[in-house]
Amino acid sequence: MAYNRRIKSAAPARSYYSYETTTSKKDVLSDVLTTIEKIQILCYKLGIRSNEYFIDFDKLRLGLCLEDEFKSGVDLFTRKYLHLSVKQLNDLANFYRVPDDGRIFYKAFIDLIENTFNIPNLDKKPTFTPQRPLQGILQRQLNPLEPCEEARVSRVMAELAYRVQDRRLMVFPFFKDFDRGVCFSGNVTKNQFARVLAILGMSVHPEDFRLLCHKFEEQHKGDINYPAFVQSVDYMFTLFQTEKAKPAIHKDPPLWHELPLDTSNVNLAEVMGRIKEYCLVQSIRITEAFKDFDGLREYSISNNQFRRGLMTARIYLSNAEAEVLCNHFSDPKRNGHTLWKSFCDQIDQVFTQVIPNMEKTPLNFPTPKREFYLPKKGGMDWRSATVEHRTMVNQCLERFRNYIRGRRLLVKPTFQKFDRLNHRYVSRKQFKHCLAMLDLAATDEEMGALEAKFSDDKGFNYFKFLEELEPSPPPENKYAERMKTLNLVNSMRAKLELEYESNIDRLLDRMKAHLSKKPLRLVEFMKDFDHSNRGTISKEDFKRTLDICGFVLEEPEKEIIYNFYQSPSHPGQVEYKELCEHLTSAFNIRHFCCRSAPAASRNLNPRPNTTGHITRHNNSRLLTSSAQQLFETTMIRLASKVLPNRMQLLPPFRDFDHANRGTVTREQFKRVLDEQLDLGQYITEREYTTIFANFADSSCTGETRIVYKPFCQQLHRLAHIPFEKAN
């Protein structure tokens, strides 16, 4: 058989025969190989685990046993099916006998039987192909007869075949009705076989019937193999076919992987460049393809595993290119191994710097990605084209361009009809067809020059052709213009801010007033930024905390507070605890539990508020001195306009206060003064701002609302009009 070569390689290195015989050793070896082949087919068909019959004789698991134990084990699982003779068992035992020991090396015999039609460790030999068994060799074979009996059976089978063909009988369904198994077993008893022949009118002589039964009888069951009989007499029925063995070739030709590879035409730099470009375009992490083969992280794998890793990453190379890579990155310490880590480091240079490490060389920059792109394989390097070819192509494209501009043709849809999958390529024949459809005439020389410039292994790149034929205008860089406009707008934006306060005492009073209206623990907000619990926070965190707490402070005012509470021992830090203690001292006494009762009693009964809503909503201390003066002037002017007619101020505001909360919005406040009270003509926008700042309701969240009742009450007081009598 074709796999006898494996059987010979699995034999011991030295073997001898301990018996005298006239048969040559070559004939004995042929008989042993035939016996092993029969045992292989038997174990493969029946799934026999031959190792279980010898393992009890080998306590130390050395793979050795005595001769009698070996013969007993072989005979135990082949006795029922093969009936090996004593000579065959002796030849098999002598074939696997260990020299100078006398014991039998059964491990080699078991390895050969267990790996029938297979190759051990096939995952490490990806280029090997297991030997396929011949078709029909695993089927049940017919029993051999004597030559005279074979001739008589042949005459009977020919006569039965003539009857079947003449009468056009379908023989198989009659036998299938008597099948022994629940499903299809292919066996019937002898009586059933004779009964079916009688039903079909194909009865034969008793002696011929005996020979037919002996020919198609199962060796161990005694039943008749009727599919083989039907296939012999009915030429229209075919259940299985038997493939004949090819004639043995005395000298095996070398396999493809054993032939010497011609690597003279392989350029290593080009191969590495192609792999780098592929990994860059596809964003492939090449390390993941080899990591699983290197469980111990030795960064060295076999050449076959290296090729499998390349195929896993979908990098398909020829045998010569793969051989060149394996030789270039070969492991000097281990023969037949490749240093895959070195290969991956060179490939990963397309993404980042690998050698030396980037964290140790921060000033080194990786190579620009555009340098890794290579021209397509099969295409011409147009940079090496002659001046005549360049001139010819430019003139041809200019002629096409003028014709398309004059006729207003749409060129791209014509090419897309032949590129249904949008690969951006068409064949050269399709390119000529597209030019003919567009009525773009070109000579053979011009056509060849165009194909040389825009063609490669995939075909004609019509996208690249259209980019030069109908170049699109480059996109405008609007980012710089947009940033210039934004900077101009930001510089011209008017800052509607009040004059900032430069006195630190007044700033602190404003912050205390804010805390008195909206109580909160300022220290809790600042403590979140003090991770070391040193009592200081940075300048940025300090400003951020003031904004979170709702203090309406300008940047210069924040700088004044920062400079006042800056830590002398930690530059750039603010001692926030001192600021918090100073702000909370307005309504709290530090260490109150340690003070005496009389001292505390003076603060436990604060003076009652007798000013009503005016004092509660008066925000005059939040204004600067100039803003306060402007506010007072505005109020006196409005009071002079209210006095002559003794205006009723509250009813117009109450029309907009449906919830009776005592507040209105800024727009509603201005609408009442402008439309109903006719006082808006005497107030400017800046004066409106001071009024809003003074009478704003700080308890409202979201939109700022104005408390109108204190405003009306203060106007009546300035006009010397009793507030209760006026309303």
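Predicted model: local features only at pLDDT ≥ 70, side-chain atom pairs only at ≥ 80, totals over all residues.
**Helix α6**

I started with helix α6, residues 147-167. At 1.5 Å a residue, its 21 residues should span 30 Å, and I found the end C-alpha atoms 30 Å apart, which agrees. Next I looked up which residues are buried here, and got V153, V156, M157, L160, A161 and V164. Seen down the axis, the buried residues of α6 fall within an arc of 140 degrees, so they line one face of the helix. I reminded myself that an α-helix has 3.6 residues a turn, so residues three or four places apart point the same way. On the other side of α6 I noted exposed residues, among them R155 and Y162. The cover over the buried residues includes α9 and α10.

**Salt bridges**

I then turned to the salt bridges, and the count came to 33. E150 pairs with K215, with the closest N and O atoms 3.0 Å apart. This pair links distant parts of the chain, as E150 is in α6 and K215 in α9, 65 residues apart. Is K215 buried or exposed? K215 is buried, because its relative accessible area is 13%, while E150 at 24% counts as partly exposed.

My next pair was K558 and E555, at 3.9 Å from N to O. They are 3 residues apart in helix α25, so about one helical turn separates them. Both belong to a network of salt bridges that also includes K539 and D547.

**Surface patch**

Last, I found a nonpolar surface patch of about 300 Å², made by Y479, M483 and L486. L486 sits in helix α21 and is partly exposed, at 32% relative accessible area.

Note on methods
Residues numbered from 1 in each chain as written. Heavy atoms only, no water. Patch = residues over 30% accessible without salt bridge, like charges linked within 9 Å, V, L, I, M, F, W, Y side chains within 5 Å. Areas by Shrake-Rupley, 256 points an atom, 1.4 Å probe, with all protein chains shown as cover. Salt bridge = Lys/Arg side-chain N within 4 Å of Asp/Glu carboxyl O. Helix = DSSP H or I, 4+ residues; strand = E, 2+ residues; numbered from the N terminus. Buried < 20%, exposed > 50% of the residue type's maximum accessible area, 1.4 Å probe, protein only. Expected span 1.5 Å × (residues − 1). Arc of directions from axis to C-beta. Contact = heavy atoms within 4.5 Å.
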